[in-house]
Amino acid sequence: MSDLTHFNEQGRARMVDISDKQQTVRIAVAHSSIVVNEEIYQHIQNGTSKKGDVLAVAQVAGIMAAKQTSTIIPMCHPLSLSGIDLSFEWDLTSRYELNISASVKTKGSTGVEMEALTAASVCALTIYDMCKASDKGMVIGPTFLAEKTGGKNGDFTRDRSPEMKL
């Protein structure tokens, strides 16, 4: 278990001590997606959803989620985030798929990967919640870390596979 930093010598859960880690600028970008039907796509595009502006609400939910990550993921450190941005892009090549990108930035002693993943996930979940009255068959995902910079482990960029278009 030596590679798994969230376990102590007894194999029990622990929060990693980051007090000796250098503060650096850290950025993480995560992606998710949600596949909807044509009716939901039209409501989102035309702003005609009965619950309001779906993407605006989902964007705010994603930002709020990133800021609250440490309260829902047990071993995450509370972080002071310096920036959060969520963006959307429709892929209409074979279905109505909304791609979500969440970028999170901080200057600190630990990374923001979990905050970016949480933001993208909650954003997709919020879209589902706001549109489920029209169709409960929406599909969320995949959700994945696309890239991260900063920290002692260096930078990471995910190789793009065909099913991960963003």
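Predicted model: local features only at pLDDT ≥ 70, side-chain atom pairs only at ≥ 80, totals over all residues.
A salt bridge here is a side-chain nitrogen of Lys or Arg within 4 Å of a carboxyl oxygen of Asp or Glu.

Residues are numbered from 1 along each chain as its sequence is written, and side-chain values use heavy atoms, without hydrogens or water.

So what surrounds Glu-115, leaving aside its neighbours within four places in sequence? Its contacts (heavy atoms within 4.5 Å) are Ala-66, Thr-69, His-77, Leu-79, Leu-81 and Val-104. You can find Glu-115 in helix H4, which covers residues 113-131. Helices (H or I, at least four residues) and strands (E, at least two) are DSSP runs, numbered from the N terminus.

Now let us turn to the charges that do pair. Side chains of opposite charge can pair when their charged atoms come close. By the salt-bridge rule, the model has two such bridges. One joins Glu-97 and Arg-95, with 3.6 Å from N to O. Glu-97 is buried, at 5% relative accessibility, whereas Arg-95 is partly exposed at 40%. The other joins Asp-129 and Lys-132, with 2.3 Å from N to O. Here Asp-129 is partly exposed at 36% relative accessibility, and Lys-132 is partly exposed too, with a relative accessible area of 30%.

Finally, step back to the whole chain. The protein chain contains four helices and six strands, and along the sequence they follow the pattern β-α-α-α-β-β-α-β-β-β. Its C-alpha trace spans about 50 × 30 × 30 Å along the principal axes. Of the 166 residues in the protein chain, 36% are buried. Among contacts with a separation of 6 or more, 69% come from residues 24 or more positions apart.

Conventions:
Buried < 20%, exposed > 50% of the residue type's maximum accessible area, 1.4 Å probe, protein only.
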